[in-house]
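Me: I would like to learn how to read some features of a protein model, one at a time. Could you take me through them slowly?

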Amino acid sequence: MRDGGNPDAHPTPRAGEDRFSLGDFRRLAKGFRIALLSAAAVIAAFAVGAPAPAEAHGRLGAAEGRCRLFIGPDIMNFTGYLPEASKNEFCEDIPATGPMIMVLDAEQDELRDMKIELRIVKDIGGEERENENLQAVTVAYREPKSYPTGTINFEHTFDEPGYFVGIVTVTGDHGERWVSRFPFSVGKSFMRDLPIYLTLGLGTVAAFVIYLVHRRRETVAVKAHKPPPPPPPPPTTPDEDHGPEATPAE
């Protein structure tokens with residue numbers, strides 16, 4: 001042989017095995033990169049076109065199984081209702097447009113002797129921008145008033161979806177002034193959570209790609225270490241050089 005008579009010196013690669021696995025890996029990696037870049041572009045577009053409140057839900061949130069609004073050293077229990085949706089309760093974001101009822105219950109008795117002011121404004125990017133023209137961005141307002149029972153019912157109809165900020169201001173006779181702000185959305189719950197859904201989707205795709213690549217490599221490794229099958233035995237033919245079989249003598 002030209003290779004020194006050693007057939008194992010240059011083993012013949014099995015056609016398509018390593019080349020196919022590498023090409024398959026490259027195609028999967030390219031597809032994943034395209035999906036990742038597309039999802040990043042979508043998230044960036046939503047972040048620019050529909051900015052969510054920068055401070056999450058501010059002083060409003062679920063605690064100890066109840067929805068609570070923290071204002072100064074005190075707490076008010078918050079409950080939201082949608083009368084047209086079988087009075088489904090909500091704590092933070094309002095799932096749909098239409099009539100809405102907010103109920104605030106003071107836990108501390110001192111809040112019942114103080115004046116409480118309620119205001120809802122459009123979320124335009126912060127308190128400083130709101131104060132430039134507060135009346136123009138206000139969508140609902142209730143002037144300062146004391147509530148001896150400690151319960152406040154606030155009703156408003158949201159005709160369009162969007163992002164808003166609720167502002168509760170409490171003032172007392174001794175100069176106390178506490179302000180609690182809680183951003184919320186109306187009919188935008190899915191849009192607010194879209195980056196989370198995209199991130200989970202990308203994580204699932206990445207895990208699937210890693211699984212396929214790992215499985216492909218294991219398959220190639222098994223095939224590479226598997227010994228080739230033995231060659232079939234040569235066919236048996238009569239020995240034509242010895243002529244017809246001799247007949248034994250009687």
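**Reading the links in the chain**

Reply: Let us begin with the disulfide of Cys67 and Cys91, which is right-handed because the torsion about its S-S bond is about 80°. A disulfide is a pair of cysteine sulfur atoms within 2.5 Å, and in this case the sulfur atoms of Cys67 and Cys91 are 2.0 Å apart. Please keep in mind that this is a predicted model, in which local features need pLDDT of at least 70 and side-chain atom pairs count only at pLDDT 80 or more, while totals for chains, interfaces and linings use all residues. Residues are numbered from 1 along each chain as its sequence is written, and side-chain values use heavy atoms, with hydrogens and water left out.

Me: Is Cys67 buried or exposed?

Reply: Buried means under 20% relative accessible area, exposed over 50%, and partly exposed in between, with a 1.4 Å probe and protein chains only. Cys67 has a relative accessible area of 12%, so this residue is buried.

Me: How many salt bridges are there?

Reply: A salt bridge is a side-chain nitrogen of Lys or Arg within 4 Å of a carboxyl oxygen of Asp or Glu, and by this rule the count is four. One of them joins Asp109 and Arg112, whose closest N and O atoms are 3.9 Å apart; Asp109 is exposed, at 54%, whereas Arg112 is partly exposed, at 29%. Another joins Glu130 and Arg181, with 2.9 Å from N to O. This pair links distant parts of the chain, since Glu130 is in helix α2 (residues 127-132) and Arg181 in strand β10 (residues 177-186), 51 residues apart. Both Glu130 and Arg181 are buried.

Me: What does the side chain of Ser180 reach?

Reply: Ser180, found in strand β10, is buried because its relative accessibility is 0%. Its side chain reaches the backbone oxygen of Phe70 at 3.0 Å. Contact means heavy atoms within 4.5 Å, and, leaving aside neighbours within four places in sequence, Ser180 is in contact with residues including Arg59, Leu69, Phe70 and Gly166.

Key: Helix = DSSP H or I, 4+ residues; strand = E, 2+ residues; numbered from the N terminus. Polar contact = N/O pair within 3.5 Å; in protein donor to acceptor, adjacent residues only side chain to side chain.
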